[in-house]
Amino acid sequence: MGLQKEFKPQRLDNYLEGTGLKGKNLNFLTDLSREQLYSLFKAAEALEPYWRTGINLLPGKILCTMFFQPSTRTRFSTETAMLRLGGSVISESDPLNNSAAAKDESFRDTLKVVSQYANIIAIRHSDDKRVFADLPVAEVPVISCGYGNITHPTQGLLDVYTAYRALGRLEGVKILVTSPDLSRARSGHSFALGLARMGGEIIYSGPSELRTPDLVMEKIKETGAKVTVHYDCNAEQQKELIAEADLVYLPGCSVPKGQGDRGVFMERAANYYIALETLQEIQKKTGKTVGIMHSLPRFEGEFDINIDDTEHELYFKQVSFSIPVRMALIASMVGLS
Ligand code: CP
């Protein structure tokens, strides 16, 4: 058989450098090449054994987080990742009330000032246009933890990584991305961009009047990925799409409680409900176990909670995988030296 090509010991720093992310911001997953994303995945795999114990790679480095919108997973996971890397965290979870934003300081000035304290910044904000306009003043890399309705790249990244770990590959896999509202599904947009870049096939299903934004569709098409879109499916058609897929991705609803379009999502949820029975029927007929992914938080009426205790459940595993993925991302953006 002979020796394998380029046989040598693995190096974490090579994977981190291979992402090309040192000193850069992360906004859209298609800003990275397949090779760069693959380097990030290799780094995440190397860091997986340390997601609970930690590894002291970034001592003395500081992450500052500013979440202008509510969060449980993204903020805790990003902060956990930095702490597990041996760095420190300064967190502002309610900047509109507790920071100088409450005294009308501009977002631009806040960003410039916080860059003086931080080695890396993580931001969630409702106004993607504001953030994109002001990002150039930041003097350190900025991780998007969700901007407006358009991008949530770290969620997309951890979800594509979970799919990769669950299926063992991404090229040629078929994933159904389905929601009562694809227009505001920022997790779904980021997941689709990452999957497209890694050679997966996207099957979209949603209402014709709440479509995936043109900007996202254009970015997907630029990758050359296969994408099919189905509108206003009935229950039977939706079941056929689930049977066609290796995984189903539910992006949930990022609109906060009591705000505008959340009601629209809830009104239509019944048409897109995923029953455990459907997954069991597919398994019986074809032998295939279809995984269910959801970016969480979830709402009653989106899918059967009995899926929680079955092998179809991937949404809590996504939460666990988020930590090594964000560890790899932070270490790539900050750099080890
Ligand atoms: N998935 C996600 O973004 O969850 P949080 O809103 O809790 O951060």
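This is a predicted model: local features need pLDDT of at least 70, side-chain atom pairs count only at pLDDT 80 or more; totals for chains, interfaces and linings use all residues.

Q: What is the phi of Glu6?

A: Most residues other than glycine have a negative phi, and most peptide bonds are trans. Glu6 is not a glycine, yet its phi is positive, at about 50°.

Q: Which residues does a cis peptide bond join?

A: The cis bond links Leu296 to Pro297, with omega about 0°. Pro297 belongs to the loop between β9 and α13 (315–334).

Q: How should I read a sheet, and what is the strand order in the sheet of 4 strands?

A: Strands of a sheet pair through backbone hydrogen bonds, either parallel or antiparallel. Here the open sheet of 4 strands runs in the order β2-β1-β3-β4, and the pairing is parallel. Its edges are formed by β2 (88–92) and β4 (142–147); each has a single partner strand, so one side of each is left without a neighbour in the sheet. From one strand to the next, the twist averages 15°.

Q: How many bridges pair β3 with β4?

A: Strand β3 (residues 120–125) is paired with β4 over 4 bridges, in the parallel sense. As an individual example, Ala122 has Ile143 in β4 as its bridge partner.

Q: Which strands does helix α5 touch?

A: Helix α5 (residues 107–117) packs on this sheet and touches β1 and β3, its direction making about 155° with that of β3. Helix α3 (residues 73–84) lies across β1 (62–67), β2, β3 and β4, and runs at about 175° to β1.

Q: What is the order of the open sheet of 5 strands?

A: That sheet has the order β7-β6-β5-β8-β9, again with parallel pairing. Its edge strands, β7 (227–231) and β9 (291–294), each pair on one side only. The twist from one strand to the next averages 20°. Strand β8 (residues 247–250) pairs with β9 over 4 bridges, and Leu250 has His294 as its bridge partner in β9.

Q: Which helix packs on this sheet by touching β5, β6, β8 and β9?

A: Helix α8 (residues 186–197) does so, touching β5 (174–178), β6 (201–206), β8 and β9; its direction is at about 155° to that of β6.

Q: How is a pair of packed helices described, and at what angle do the axes of α8 and α9 cross?

A: Two packed helices are described by the angle between their axes and the distance between the axes. The axes of α8 and helix α9 (residues 214–223) come within 8 Å and cross at roughly 10°. Angles under 35 degrees count as roughly parallel, and α8 and α9 are therefore roughly parallel to each other. In their contact, His189, Ala192, Leu193, Ala196 and Arg197 of α8 meet Val216, Lys219, Ile220 and Thr223 of α9.

Q: Which residues surround the ligand?

A: A ligand site may be read from its surrounding residues, then from its individual contacts. The ligand is surrounded by Ser71, Thr72, Arg73, Thr74, Arg124, His152, Gln155, Ser295 and Leu296. A polar backbone atom of Thr72 is 2.8 Å from an oxygen atom of the ligand. For Gln155, a polar side-chain atom lies 3.0 Å from a nitrogen atom of the ligand. A backbone N or O atom of Leu296 lies 2.9 Å from a ligand nitrogen atom.

Q: How much of the ligand does the protein bury?

A: The ligand taken alone exposes 250 Å², and the protein buries 90% of that.

Conventions: Residues are numbered from 1 along each chain as its sequence is written. Side-chain values use heavy atoms; hydrogens and water are left out. Two strands pair if DSSP finds at least two bridges between them. Helices (H or I, at least four residues) and strands (E, at least two) are DSSP runs, numbered from the N terminus. Axes are lines fitted to C-alpha atoms, for helices over the stretch in contact, and angles run from 0 to 180 degrees between N-to-C directions. Contact means heavy atoms within 4.5 Å. A residue is near a molecule or strand if one of its heavy atoms lies within 4 Å of it. A polar contact is a pair of N or O atoms within 3.5 Å; within protein, one must be able to donate a hydrogen and the other to accept it, and residues adjacent in sequence count only if both atoms are side-chain atoms. Accessible areas come from the Shrake-Rupley method with a 1.4 Å probe; for residues, only the protein chains shown count as cover. Angles under 35 degrees count as roughly parallel, over 145 as roughly antiparallel, 65 to 115 as roughly perpendicular and the rest as oblique.
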